[in-house]
Amino acid sequence: MELLRLLALAVVALQPGVAGGAETVGNPSEGVIEFSVGKFRYFKLNRPFPEEAILRNISSNVTFLIFQIHSQYQNTTISFSKQTLLPNSSGTGTDKGLVFILRPEQSMCFWYLETLDAEPVQNVAIPLSYSERDPVPGGCNLEFDLDIDPNIYLEFDFFETTIKFAPANLGYARGTDPPPCDIRTGQDSRWRLQYDVYQYFLPEDDLTEEGLLKHLQRMAEVPQVTANAIKVVTLTANDKTSVSFSSLRGQGVIYNVIVWDPFLNTSAAYVPVHTYACSFEAMEDNCSSLGRVSTKVFFTLFALLGLFICFFGHRFWKTELFFIGFIFMGFFFYILISRLTLINFDVRLILTAITGSVGGLFLVAAWWRFGILMLCMLCVGLVLGFLVSSVTFFTPLGNLTVFRNDGVFWVTFSCIAILIPVVFMGCLRMLNIVTCGFIGSYSVVLAIDSYLYTSLSYITLNVLKRALNTHFRSAFTNVPFQTNDFIILAVWGMLAVSGITLQIRIERGQPSFPPHPYKLWKRERERRVTNILDPSYHIPPLRERLHGRLTQIRELFQKEQPAGERTPLLL
């Protein structure tokens with residue numbers, strides 16, 4: 001058996017690989033895959049055929065190795081042992097790795113790879129080497145199964161994505177005992193280590209397996225991570241090794257952690273982990289079909305009304321009031337019903353549409369009956385202020401530590417929202433036109449997001465998440481800003497500027513706002529009562545007209561009555 005295994009290794013070693021940072025499997029049917037340090041390797045795993053991974057010619061200055069394997073959504077298992085899969089010697093998932101502490105004079109390592117999935121699983125794997133001066137990722141693990149766990153554990157829901165990892169330990173030479181983790185807390189212990197958390201966004205709307213495995217190669221080694229990814233936060237040994245991010249459904253994101261030893265100026269990378277914040281295997285609402293039909297219908301109709309408001313909102317004042325009232329009442333009602341009930345999303349959306357319509361009609365009725373312009377303009381200004389405040393916290397300003405306190409966040413958010421109507425108090429017509437332009441055009445952005453991913457929808461969605469989920473306050477709200485977003489941002493700006501310009505030209509020389517409708521109606525009614533020469537004076541009241549119309553309709557369905565008795569002719 002040993003002779004056959006050596007022959008198989010020799011055959012694999014003679015197979016040509018791909019030049020550069022990645023290699024392809026020469027002959028996977030042999031059951032043995034040979035790796036090189038720092039070289040990526042593509043291969044497929046099949047359920048009944050586990051593979052043996054081998055790394056030879058390990059340099060003597062290498063103290064430990066991290067072997068990591070990645071797939072898109074199908075689980076694979078990596079283990080130190082071929083016979084048994086013990087929790088402390090194996091890991092199963094889409095992004096898994098093991099740390100191999102080398103013995104003195106050791107120059108060869110083995111791992112075992114397999115999958116329990118019925119379909120073949122495409123993988124990419126790489127072994128990385130580190131010296132005795134480099135920190136050991138997960139070397140002080142007390143929470144997870146592996147003794148030394150370099151993996152990042154990821155959980156997500158609709159609101160947030162959370163990553164957790166085990167603390168690292170200081171590096172040590174071959175054949176020596178690892179430094180104690182929690183006996184000392186000085187600069188000569190693992191408490192001097194720092195952790196840099198990095199985030200990398202895949203191209204928008206890219207759900208391909210090939211694209212993911214290609215971009216994962218940019219997040220495995222320390223130089224590539226620091227060059228390509230965004231550093232989100234730096235944690236010390238005193239901080240909790242857990243970080244939360246806003247979930248971006250359908251958007252691929254890769255996370256990694258770089259542990260850095262400031263005393264020796266050395267570093268090491270954990271095993272990167274990825275997510276799309278959705279499931280590829282779900283029957284409904286999976287990654288390939290995120291947009292619900294109800295969401296598309298709702299936001300399409302909302303965008304059509306918003307587009308009309310963008311260009312003609314000030315001229316059609318009552319229609320605009322309905323639009324503003326719909327937003328006001330619908331937003332608060334959705335928050336209320338989502339926090340208090342567990343009903344289906346589609347039902348919530350329908351109830352929100354009905355309640356928003358009631359709110360819009362109520363605001364129109366309040367204007368018609370009372371004609372209080374300042375009250376209506378306060379609602380208009382607050383809606384614009386809400387959008388301005390949301391844009392403010394959509395910037396990196398929203399990730400400041402001070403705004404993780406709910407009190408500070410909501411007070412600041414409210415102050416910015418209230419400031420807008422206060423600033424425009426002296427020019428209410430301009431406030432109304434600007435609100436029509438920006439709010440109406442932003443509804444088009446929300447409709448586009450129902451069909452095509454765009455980060456601009458998170459301007460308001462992040463605020464909604466903050467209102468619905470108390471844990472969202474600790475989440476970083478970074479989003480990608482790529483080609484799609486620049487195009488949609490240009491469309492938003494073009495619509496807003498065009499709508500504002502058109503309405504300013506149309507309303508030039510016109511009254512700022514229409515007169516009080518109830519006073520006009522009352523004045524007209526009194527005029528009709530006192531002016532006999534007015535033709536409308538002779539028009540019957542509405543009740544009599546309705547009664548007469550109903551009588552005519554009823555007569556259409558009645559049989560014609562005979563005029564008198566009819567008898568046959570007598571001969």
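This is a predicted model: local features need pLDDT of at least 70, side-chain atom pairs count only at pLDDT 80 or more; totals for chains, interfaces and linings use all residues.
**Helix packing and a loop threonine**

Helices H4 and H6 cross in a left-handed way (left-handed means the near helix is turned anticlockwise from the far one by less than a right angle, right-handed if clockwise). Residues are numbered from 1 along each chain as its sequence is written, and side-chain values use heavy atoms, leaving out hydrogens and water.

**H4 against H6**

- H4 and helix H6 (residues 345–370) pack at about 20°, with axes 10 Å apart (axes are lines fitted to C-alpha atoms over the stretch in contact, and angles run from 0 to 180 degrees between N-to-C directions).
- That makes the pair roughly parallel (angles under 35 degrees).
- On the H4 side, Ser-294, Thr-295 and Phe-298 make the contact, meeting Phe-345, Asp-346, Leu-349 and Ala-353 of H6 (contact means heavy atoms within 4.5 Å).

**Helix H11**

- Among the buried residues of H11 are Asp-485, Trp-492 and Gln-503 (buried means under 20% relative accessible area, with a 1.4 Å probe and protein chains only).
- Their cover includes helices H4 (293–312), H7 (373–394), H9 (428–451) and H10 (458–468).

**Thr-241**

- Look for Thr-241 in the loop between strands S14 (230–236) and S15 (242–246) (strands are DSSP E runs of at least two residues, helices H or I runs of at least four, numbered from the N terminus).
- Thr-241 is buried, at 16% relative accessible area.
- Beyond four places away in sequence, Thr-241 touches Ile-163, Lys-164, Phe-165, Pro-167 and Leu-235.
- A polar atom of the Thr-241 side chain sits 2.8 Å from the backbone oxygen of Phe-165.

Key: Buried means under 20% relative accessible area, exposed over 50%, partly exposed in between (1.4 Å probe, protein chains only). A polar contact is a pair of N or O atoms within 3.5 Å; within protein, one must be able to donate a hydrogen and the other to accept it, and residues adjacent in sequence count only if both atoms are side-chain atoms. Angles under 35 degrees count as roughly parallel, over 145 as roughly antiparallel, 65 to 115 as roughly perpendicular and the rest as oblique.
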